[in-house]
Number of protein chains: 2
Amino acid sequence: MVSVVIIGSGNVANHLISAFAKSDTVDVIQVFARNPKTVSALISPEKIVGSYPEITEADLYIISVSDNAAATVSQSLDFHNRLVVHTSGTIALTDLDAKNRRGVCYPLQTFSKGKEVDFKRIPICLETENEADYQLLETVARSISDNVFRIDSGQRKALHVAAVFVNNFVNHLYHIGHTICSENGIPFEILQPLILETAAKIGSLTPKEAQTGPAARNDSQTINAHLSFLSDPDQKEIYKIITKSIIDNGKKL
Amino acid sequence: MVSVVIIGSGNVANHLISAFAKSDTVDVIQVFARNPKTVSALISPEKIVGSYPEITEADLYIISVSDNAAATVSQSLDFHNRLVVHTSGTIALTDLDAKNRRGVCYPLQTFSKGKEVDFKRIPICLETENEADYQLLETVARSISDNVFRIDSGQRKALHVAAVFVNNFVNHLYHIGHTICSENGIPFEILQPLILETAAKIGSLTPKEAQTGPAARNDSQTINAHLSFLSDPDQKEIYKIITKSIIDNGKKL
């Protein structure tokens, strides 16, 4: 068994504790939580600690706190030369204190509290400073996910930007669709099969191949009719720039 | 049985012919196709005609041609006072020739040639000039779909704009994610579970409730880091305007 200490008690920490509980390879021997209540449903009380000197020896320490706090937490650890990783998509490996062997174990997913996720399908992006640590981290990650990737800090930064486009920004376009429906007395559920089909389609086609619609056809009559229909200035701007970008992209070979 | 003539041989016409073939309520008695080959796999050759005078009497005529051609086709029909509908999301009921009783039967989905779709889940939006015609059209639509909605021409116009946002524009954001991944040696499949989860999430939460990420948090440090990372001018503009719109939206109650 690989012994693991989880440092943190937010969404990602909670989901990791639940996932490791089902793993035959990983034993979560301790959880560091300022407020024990946040993890008490997931782990027995004697395994929860609230101060740094209480942290026990383990094969791996996973810091799963807010991006701003990860560096400070890594400095506060009372030991050195152990394997310490964070779970963030936005900060670098080198943001952790160099007194320990550093790594990253970034699960690329949106975690909502209370909503069960199937961890097996969640991609986990790993990075370490040396190969032996990578092997250990990979063993840990593979015990909860079937999708483990080696991604360095530069790639992770790019991946996070890409994730903002395909998750946060896509969700905002759903919000605009939702608003237009509400304002016109249309049930939003009409759009849901289309939304799911659009997401599923790119499993077999590239997004460029899958593109359809007035912008892809450069159908200026429909584009202008849509622009006159829209009155919200942000919606209008978003319509214009994405249409331009689709047209520009169609011109590239 | 309701007797139906399909006029057209494109994607939507093909999918309708296939779907009606499984229906107990609808009998496609004829298909009008300029080029019989485009539908010959779906219907027996003696039911395919290529000139207007050959079109036979039926309970319902479905014009499924390009948006530009629908009005002209409706004028070319050699009969009057029969129920004639089009399948377009973008043109009005009144674009059809008034010599017949007019209606709309708009399946809201992206149809790709060759890719089988489950019609039962596709929303179909109906509109007619009178209630008796509505009843007939509803019977026909319900025989192939479990999601039938009454949507007038004004609502359909709004719905089409909303669909452009949640389908074409979302797909373009997938394309940007794909491009960023390619340029950084990251397999795009890493993003696919996130994409599917983002689409599935709004089945239980509103998009506004589901919003996360740097813009929702108004995290200017991450936003600026992402903007410096992006070099493509269209990508940068899209990042800026959607971020602004998410922030503006967060301020609304």
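## A salt bridge between the chains

In this predicted model, B:Lys244 forms a salt bridge with A:Asp234, with 2.8 Å between the closest N and O atoms; a salt bridge here is a side-chain nitrogen of Lys or Arg within 4 Å of a carboxyl oxygen of Asp or Glu. Because B:Lys244 belongs to helix α8 (residues 233–251) of chain B and A:Asp234 to helix α8 (residues 233–251) of chain A, the pair joins two chains. Helices (H or I, at least four residues) and strands (E, at least two) are DSSP runs, numbered from the N terminus.

B:Lys244 is partly exposed, its relative accessible area being 41%, whereas A:Asp234 counts as buried at 10% relative accessibility. Buried means under 20% relative accessible area, exposed over 50% and partly exposed in between, with a 1.4 Å probe and protein chains only. A:Asp234 and B:Lys244 also belong to a network of salt bridges that includes B:Asp248.

## Salt bridges within a chain

Over all chains, a search of the whole structure finds 18 salt bridges. One of them pairs A:Arg156 with A:Glu127, the closest N and O atoms being 2.8 Å apart. This pair links distant parts of the chain, since A:Arg156 sits in helix α4 (residues 153–183) of chain A and A:Glu127 in strand β7 (residues 123–128) of chain A, 29 residues apart. Both A:Arg156 and A:Glu127 are buried.

In chain B, B:Arg102 forms a salt bridge with B:Glu129, and their closest N and O atoms are 2.9 Å apart. Here too distant parts of the chain are linked, with B:Arg102 in strand β6 (residues 101–107) of chain B and B:Glu129 in the loop between β7 (123–128) and α3 (131–142) of chain B, 27 residues apart. B:Arg102 counts as buried at 11% relative accessibility, while B:Glu129 is partly exposed, with a relative accessible area of 42%.

## How the two copies are related

The same surface serves both copies, as 100% of the contact residues of chain B recur in chain A, where contact means heavy atoms within 4.5 Å.

In helix α2 (residues 67–76) of chain B, the residues B:Ala70, B:Val73 and B:Ser74 are buried. They cover an arc of only 100° around the axis, which puts them on the same side of α2(B); the arc is that of the directions from the helix axis to the C-beta atoms. The buried residues of α2(B) pack against β1 (2–7) and β4 (60–63) of chain B.

## Domains of chain A

The domain assignment of chain A gives domain 1 (2–151) and domain 2 (157–251), with bounds that come from an automatic or database domain assignment. The C-alpha centres of domain 1 of chain A and domain 2 of chain A lie 36 Å apart.

## Basis of the values

Residues are numbered from 1 along each chain as its sequence is written, and chains are lettered from A and ligands numbered from 1 in the order in which they are written. Local features need pLDDT of at least 70 and side-chain atom pairs count only at pLDDT 80 or more, while totals for chains, interfaces and linings use all residues, and side-chain values use heavy atoms, with hydrogens and water left out.
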